[in-house]
Amino acid sequence: RSCLTVPFKGVWNTVALISQFSAVVTTKLHVAIVAYAMGVYAESCAVHPKVKRFFDQIRRSHQCTLIHDLNGAIAQEKMQRVIQAACVPVEIQDDTWAQTRQQAMVNQEIVSTFVKTRFTPH
């Protein structure tokens, strides 16, 4: 079976590409974050525990398995969920998504204010 792998060609191209997917399987935290932000279903075979923490925070722990815990049965189950999500889209933008987005907007404002006060020429 074939699998699409895409070389990194810049942030905006990557975000645009992920936004067009129905579902994604990844080992990378930032791919999972972008997919979640774009409402794209993501399954993860995580190399690093920080990826698992992210899925725990968004209340989607079942979608992330640490690579050392992965076996054939779990991998098959994950792929079945991805195929199902690609065929029948999963609603990602739930209450947790909305709360996460709202907090991100607050954080964006904090960073923007900091940058303006520290790095704006006088």
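Predicted model: local features only at pLDDT ≥ 70, side-chain atom pairs only at ≥ 80, totals over all residues.
Local features are described only where pLDDT is at least 70 and side-chain atom pairs only at pLDDT 80 or more, while totals for chains, interfaces and linings use all residues. Residues are numbered from 1 along each chain as its sequence is written, and side-chain values use heavy atoms, with hydrogens and water left out.

**View 1. Strand S2 is mostly covered.**
S2 spans residues 41–46, and six of its six residues are buried (under 20% relative accessible area with a 1.4 Å probe, protein chains only; exposed is over 50%, and partly exposed is in between). Helices (H or I, at least four residues) and strands (E, at least two) are DSSP runs, numbered from the N terminus. In a regular strand, side chains alternate between the two faces of the sheet. Here, Tyr41, Glu43 and Cys45 point one way, Ala42, Ser44 and Ala46 point the other way, and all are buried.

**View 2. S2 pairs with strands S1 and S3.**
Two strands count as paired if DSSP finds at least two bridges between them. S1 (residues 23–26) runs parallel to S2, joined by four bridges, and Val25 has Glu43 as its bridge partner in S2. To get from S1 to S2, the chain goes through helix H2 (residues 29–38) in a right-handed β-α-β crossover. Right-handed means that, with the strands pointing away from the viewer, the path from the first strand over the helix to the second runs clockwise. S2 and S3 (residues 64–66) are also parallel, with three bridges, and Ala46 has Leu66 as its bridge partner in S3. This time the chain passes through helix H3 (residues 49–57), and the crossover is right-handed too.

**View 3. The largest nonpolar core has 23 residues.**
Such a core is a set of buried Ala, Val, Leu, Ile, Met, Phe, Trp, Tyr and Cys residues joined through side-chain atoms within 4.5 Å. Ala35, Tyr36, Tyr41, Val51, Phe54 and Phe55 touch the most other members. Helices H1 (11–19), H2, H3 and H4 (72–87) and strands S1, S2 and S3 each supply at least two residues, with H2 giving the most, five.

**View 4. Tyr36 sits in helix H2.**
Tyr36 counts as buried because its relative accessibility is 6%. Leaving aside neighbours within four places in sequence, Tyr36 is in contact (heavy atoms within 4.5 Å) with residues including Phe54, Ile58, Ile92 and Trp97. Gln93 lies 57 residues away from Tyr36 in sequence, yet their C-alpha atoms are 8.2 Å apart.
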